[in-house]
Amino acid sequence: MASNALINNSIITREALAIRRNTNDFIQNIDRQYQSQFAREGAKIGATLNVRLPNDYVVQDGPVVNPEATEERSIPITVNYRKNVPMTFSTQERTLNIDDFSERYIAPAVNALLGQVASDAMTLALDVSNMVLNQDADGNLLSPNPNTWLRAKAKLTECNAPLNDRYAVLDPNTDANTVAAMANMFNPTDRISTQTIDGQMGSKILGVKGWMQDQTVAISVGGSYDSKATATGAYGSYLPNGQPAPVVTISSVTSPHSSAITVSAINGGLNKGDIITIEGVNAVNRVTKKDRHTLQQFVVLADCPSGSTSIPVSPAIIPPKEDGTPVPYQTVAKAPQNGAGVKMVNPQGKAIRRNLLYSKKALTMVTVDLELVRAGVVDCGRASLDGISLRTLTYYNGSDDTRGTRLDVLYGLAMLRGDWACIVPELAE
């Protein structure tokens, strides 16, 4: 571009989106299949789309059919995030070469904006119901090693997550420790050599399509719960607003994948994102519904202060019928029994990095086209690339005779299948 050619908002928007493509790998590898189902022009915060989850069926024996109604489930995606970056340019600065302009202004703005978007997306890790730890003989949490990641991958497979499009996003410190733990692996030589030279995890290692390091990986602190409470045997559905419903049967409409379990008063609090198990409540093969003889893990969906007698968890507790007959969407081999111990899996009171191994279809993001403002502004541009819609708007500020420019993005995030992801924690201390 010639130095005397004015850089308009359409140019800024396209350049910002091009820079975005190389800015954040995690955002790039979140499912976007529901993007087209949102209104495109002039969208407002609060628009909601109910996403249907795959139907689940039970195989029956013999020639006789016992018809059962199909119970469809859905998860809402709400467009409730709005972020912007404000900038001020002079006319002279807008006549810079586009490369200089990008380096000085657009790239830092895009990096800040998408860093915040990624940080919001990382909070979805608090809804993940699987966790695999690397512990020593005394139960102390160690940095993950190759076996830890392989066990995490096995967790996803046990939950019937798709085998392709699996990704891992790691805190930079965990990434460094994981590379060091894999330094002695011999095959494949070219990939191990590359990650040793680059100092970060490469692609297609241990059956993972892509490894990413990201400084916005969520860090959470475990609750002070002493793991001594017991279940009462009662449980009900858990509504999205956090209020447990007074019913025993799980409603596929009201509560797609969460339950509230009743327990004796807990000593010490549980924090949102903590992982718990219930004695005798085993996971099942999600296809055959057979007992896997390993405890089902549940993620706590909301903070529970000391003394609480109800714990909201995901996935929902869906046992077989009383005679043992499997049911659609079954998650456990048996319902909680009175007196069953409730244990916390993650370290008590410790800050952990919530490194994430996930199927791309586990979580989704949608962005919506903001209105192209024509009146009362100097210039307005909008563009979309790789499912991300961005608007750039320039306005005149008469109070100080300057022009301001803002980058805006409007988006929604949702964890569709918390069991199609697995936390591989590391102490953040």
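Is Ser220 buried or exposed? Ser220 counts as buried, because its relative accessibility is 11% and the cut-off for a buried residue is under 20%. The structure is a predicted model of a protein with six helices and 22 strands. Of its 429 residues, 49% count as buried, and among the contacts with a separation of 6 or more, 73% are between residues 24 or more positions apart.

**Ser220 and its surroundings**

- Ser220 belongs to strand β8, which covers residues 219-221, and its side chain is joined to the side chain of Arg354 by a polar contact of 3.0 Å.

**Helix α5**

- In helix α5, which runs over residues 172-181, the buried residues are Thr174, Asp175, Thr178 and Val179.
- These residues lie on the same side of α5, because the arc they cover around the axis is only 135°.
- At the start of α5, a side-chain oxygen of Asp171 comes to within 2.8 Å of the backbone nitrogen of Asn173.

**Backbone geometry in the loops**

- The peptide bond that joins Ser314 and Pro315 is cis, with omega about 0°, and Pro315 is placed in the loop between β15 (310-314) and β16 (342-344).
- Tyr329 is also found in the loop between β15 and β16, and its phi is positive, near 65°, in a residue other than glycine; Tyr329 is buried, with a relative accessible area of 12%.
- Lys289, in the loop between β12 and β13, likewise has a positive phi, near 70°, in a residue other than glycine, and Lys289 counts as buried at 8% relative accessibility.

**The second largest pocket**

- The second largest pocket holds about 530 Å³ of space, and of the 30 residues that line it, Asp56, Arg286, Lys289, Tyr329 and Arg417 are the closest to its centre.
- Two of the residues named here, Lys289 and Tyr329, are those described above with positive phi values, near 70° for Lys289 and near 65° for Tyr329.
- By class, the lining of the second largest pocket is made up of 14 nonpolar, nine polar and seven charged residues.

**The largest cavity**

- Two cavities of 30 Å³ or more are found in a search of the whole structure, and the largest cavity contains about 80 Å³ of space.
- The lining of the largest cavity consists of Asn130, Lys155, Glu158, Cys159, Ala283, Val284, Arg286, Arg292, Thr294, Leu295, Gln296 and Gln297, which divide by class into four nonpolar, four polar and four charged residues.
- At least two residues of this lining come from each of α4 (146-158), β12 (282-284) and β13 (291-295), and β13 gives the most, with three residues.
- Arg286 is one of the residues that line the largest cavity, and Arg286 is also among the residues closest to the centre of the second largest pocket.

Conventions: Residues numbered from 1 in each chain as written. Heavy atoms only, no water. Buried < 20%, exposed > 50% of the residue type's maximum accessible area, 1.4 Å probe, protein only. Helix = DSSP H or I, 4+ residues; strand = E, 2+ residues; numbered from the N terminus. Arc of directions from axis to C-beta. Polar contact = N/O pair within 3.5 Å; in protein donor to acceptor, adjacent residues only side chain to side chain. 1 Å grid on protein atoms, 1.4 Å probe; cavity = no way out; pocket = protein on both sides within 12 Å on 5 of 7 lines; lining within 4 Å. Points joined across faces, edges and corners; volume = space filled by probe spheres on them. Nonpolar A, V, L, I, M, F, W, Y, C, P; charged D, E, K, R; others polar. Contact = heavy atoms within 4.5 Å.
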